[in-house]
Structure formats: C-alpha cells, structure tokens
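Here are a few friendly notes to read with the model open beside you. Take the points one at a time and find each residue as you go.

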Amino acid sequence: MNQNYIKFSFFVLFLMLIGCKKNEQNTNKTNTIVGNTISYSKNLAIYKYEGYSVVTVSNPWPQANKNYTYILKEKNSSIPDSLQKYTTISVPLQSVVVTSTTIIPFLETLRVEKLLVGFPNTDYVSSEKTRKLIDDGAVKNIGKNEKLNIEQLIELDPNLIVAYGVDNNNPMLDNLQKSGLKVLIQADWMEQTPLGKAEWIKLYGALFGKEKEAKTFFDKILKNYNDAIDLVANKKPTATVLYGSMYQDQWYVAKGNSWVAQFMKDARSNYLWANEAGTGSLSLSFEKILDKAKTARYWIATGSFKNSAEFENSNPHYSQFDALKSNNVYTFESKLGRTGGTIYYELATSRPDLVLKDYIKIFHPEVLPNYTFTFAQKLN
C-alpha cells in the first residue's frame, strides 16, 4: 500500500477524532448543569440545563413507593435520549389546571393567574383576583379533587394538570394520564418546614418561564422570615402552648417536626409536644391532653370559631383549661373568603413570614406592638 496514502489516512482519522472531541466538548458545554436551584424544599429538585430543566418530585405522599421526574422542554430545544422515558412538558405553559388552593397565590405572584383554566370545587378559592376569573367563567369548576370531571378536562385541553395524591393508590391520576392529559404530581403539602413549602414557587417559575421572578419572591420571603426570627432571638421560650381541638373522641396535636411546630419553635414558645418526634399529628385522648396542658398559657385552637363563647360551647370540657379561662385562645382558621374558603389554608404556604409574625405577636406582643394579625384571631 502507498506509504503516503497510509499517512494521509492516519491524518484524516486524527482530524476526525479531534472533531469528535470538540463536538463532545461543545455538547457538554451546551448541556452544562447549573445545579439544583432548590435549597429548602426536601421533596423538590430542579436542575437547569440549556434548553430544558429536570424536575424531581419525591415523597409526594406518606410512604410513597416512587419518585416522579419531569422534563421541562423549552421551545426549539432538544433533550438527551436518556431522558426520553420521562414525562416531557413544553414550557412556558399557556394554560394550566391546578387542584390545590396553595398554588393560587404562586400563580398570582407570578402574574399568570389568567392562564388558569380549571380548578376543583372553586368555592374553596378565596383570593378576590382569582375569584373574579371564576365568576367571569374563565376558570371552570372541574368537580372534586378525588373525582375530577375527565370529560371536561379533555375539552379544556390544558397544557398541564398539577395534581396531588394521598397514597399509593391513585386511580384518578392514572385515568387522567390514560386520557392523554399531561399530569404533574406536586408535594408541597408534604414539606415540613415553612420555607420548604414556600420554595415551591420556583416550580411554577420554571413552568411559566418566570424563574427570576420566582427567585426574587422567595428571596424576599426568606429575608422577611429570618428578620422575624431575629426579633425574638434573645427571648426565652417560656410561654407554654397547647395546640389543637377535639375531633369526635380524639385530640390531634402537631408532632415536633411538623410545619406547625416549626413556627412555634421559631417564635420562641414552649410548645408542649415539641419533643414528640415525627411529622404530621398525634392522636391523644382528652385525659392525656388535660393532664399535660391544663395550665398551658396559650391555646392555638383548630377550627373556624368566631368567638370564645362559640368555642366553649363546642365542647363542655374546654372550660377546664387555664388558657380559655384567661382568654388566651387563638385560631388561624376563622378568616374565610367570600365563598367560604379558609384564607389560611390558601395563603399561609406562600407567606410563612406573615404566619411567623402572627405567632410572635401572640407569644411576644411587645416585639411587634403595631403589627396587625394576618391570619390569627383571638377568641374574645
């Protein structure tokens, strides 16, 4: 074989290898990961790449047996073959259905509430801005969360349905996907820290092309929350606190690692079940509650009671607690929207800074002398 030809062949092969290496470097550069943009949420991760984002939702309900991964694909971009097996969502969204009132404030903050086309049991929505959209017929009532109107959803044809499940058996979610509808499972309700819940706004920022706005909002909430903590940093947590109310024959108190308990800890109070490990709630008999909390100074009650008399009449045993005798009972659930939705359940997730200030106002009123409650109400 001609020696020059052999040299030429090796030279061509060398150039091809160099070219492949450069293309590989360029590809890696194009898809360079920014890193997880989530810092406080335990059940959400968002990794930003050029042209797409990878969203992972973990622990979507108690004892969940799987995580969920979604690819948010921007216009005119491509995603690697290795990610094709996951649900791909084209962003920014032009229409959406959500199934939890906690998402409504996020949409309004990002100014995309007009892209909301459906919501289950619309009476639960309290925000006047979104209520007007409902009244005008722009947001359709799509049934109940556990039994959504699939035919109506197919007709609405939203770009995405943001839903949630309560356990590993979710036939409704399966039916939505079998109908060809795009579904994203969210898990903000499973977060056990105030800032962890609030950071879910970054998911909606990614879905609607509003990442900067979402980050700006969360950073503001983070600063406000930490500033509030600083207000009581030198206060002693001497105020003993009872939480909850009787439901049928059981009393449910928040466990020590729960969302509610974190607020009371950050507000420098002595929550009587702060050392009860775990999240969620603990079911106890009335006798056990009375034994431990009869002399508690404050009582954070659950329920939408309007005044002390209504509260006391709801259970004759309540009069045995010192907190009721001294008129120190508060509730966060008494303020309702125009159609009966509880404002706290809708707005508190996105505004933990205001929830914390309410707790501080209760336990250390001298720190916020001119502050007016956002959610809390004293039962007089």
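1. Let us begin with Thr 339, which counts as partly exposed because its relative accessibility is 29% (buried means under 20% relative accessible area, exposed over 50%, and partly exposed in between, with a 1.4 Å probe and protein chains only). Before going on, note that this is a predicted model, where local features need pLDDT of at least 70, side-chain atom pairs count only at pLDDT 80 or more, and totals for chains, interfaces and linings use all residues. Residues are numbered from 1 along each chain as its sequence is written, and side-chain values use heavy atoms, leaving out hydrogens and water.

2. Where does Thr 339 lie? Look in the loop between strand 18 (329-331) and helix 13 (343-347); helices (H or I, at least four residues) and strands (E, at least two) are DSSP runs, numbered from the N terminus. Not counting residues up to four places away in sequence, Thr 339 touches Thr 122, Asp 123, Val 125 and Arg 131, where contact means heavy atoms within 4.5 Å.

3. The side chain of Thr 339 reaches the backbone oxygen of Asp 123 at 2.7 Å, and it makes a polar contact with the side chain of Arg 131 at 3.2 Å. A polar contact is a pair of N or O atoms within 3.5 Å; within protein, one must be able to donate a hydrogen and the other to accept it, and residues adjacent in sequence count only if both atoms are side-chain atoms.

4. Now find helix 14 (residues 352-363), whose twelve residues reach 17 Å from first C-alpha to last, close to the 16 Å expected at 1.5 Å a residue (the expected span is 1.5 Å times one less than the number of residues). Helix 14 is largely enclosed by the rest of the structure, because eleven of its twelve residues are buried. Among them are Pro 352, Leu 356 and Phe 363.

5. Asp 188 sits in the loop between strand 11 (183-185) and helix 6 (194-198). The side chains of Asp 188 and Thr 102 are joined by a polar contact of 2.9 Å.

6. Finally, check some backbone angles. The peptide bond from Val 91 to Pro 92 is cis, with omega near 5°. Gln 63 has a positive phi, near 60°, in a residue other than glycine, and Gln 63 is exposed, with a relative accessible area of 75%.
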